[in-house]
Amino acid sequence: MASTQPAIPLTPYRRSHGRARRVLAGLVLAALAAFAWSLSAGALPVSGSDLLNAITGGAGGMETDIVRTLRLPRATAAFACGGLLALAGALMQVLLRNPLADPYVLGISGGAAVGALGAILAGAASGWIDAGAFVGALGATLLVFGLA
């Protein structure tokens, strides 16, 4: 029995939706390849089998120890930091409804620098310098939102 409903033509939205999925899949594969490369490249190159052995938890030699103790924490921290910075930038652009909004244009990085400099001039230790930078950035953010 044939269907009496007409076929739904592909709208531009549906075509771009499929393209967006392909682009996203390509970007995920590129990120995974970069992550694997960051685990295997170094002064002591690690083969693919040693890398897979280190990630799955199998016993191994020096290559497995290097991947688990040195390279995996660094690569994970680098990917997490990059992703969070990208998310923060995207959120700033969405919240301010301005595609050009970034911490330098809005003065947030300058506020962080002033807070860090104030902590340095006060003779604070390194942990307090970071706290001073955070307070300076928060103050600049509140000032920008208050003026907006």
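Predicted model: local features only at pLDDT ≥ 70, side-chain atom pairs only at ≥ 80, totals over all residues.
**Entry 1: helix 3**

I began with the length of helix 3, which covers residues 62-96. Its 35 residues, at 1.5 Å a residue, should span 51 Å, and I found the end C-alpha atoms 50 Å apart, which agrees. I then looked for a bend and found one of about 40° at R71. Next I listed the buried residues of helix 3: T64, I66, V67, R71, A75 and M92. After the helix comes R97, and I noted its positive phi, near 55°.

**Entry 2: the largest pocket**

I turned to the largest pocket, for which I noted a volume of about 270 Å³. Its lining has 15 residues, and those nearest the centre are M92, I108, A137, T141 and F145. By class I recorded 13 nonpolar and 2 polar residues in the lining, with no charged ones. Which helices supply at least two residues each to this lining? I found helix 3, helix 5 (108-121) and helix 6 (126-147). Helix 6 gives the most, with 6 residues.

**Entry 3: the largest nonpolar core**

Last, I looked up the largest nonpolar core and listed its 7 residues as M92, A101, I108, A112, A116, A133 and A137. Helix 5 and helix 6 are the elements that give two or more residues to this core. Helix 5 has the largest share, 3 residues. I also noted that M92, I108 and A137 belong to this core and are among the residues nearest the centre of the largest pocket.

Methods:
Residues numbered from 1 in each chain as written. Heavy atoms only, no water. Helix = DSSP H or I, 4+ residues; strand = E, 2+ residues; numbered from the N terminus. Expected span 1.5 Å × (residues − 1). Bend = angle between axes of the 7 residues up to and from the residue. Buried < 20%, exposed > 50% of the residue type's maximum accessible area, 1.4 Å probe, protein only. 1 Å grid on protein atoms, 1.4 Å probe; cavity = no way out; pocket = protein on both sides within 12 Å on 5 of 7 lines; lining within 4 Å. Points joined across faces, edges and corners; volume = space filled by probe spheres on them. Nonpolar A, V, L, I, M, F, W, Y, C, P; charged D, E, K, R; others polar. Core = buried A, V, L, I, M, F, W, Y, C linked by side-chain atoms within 4.5 Å.
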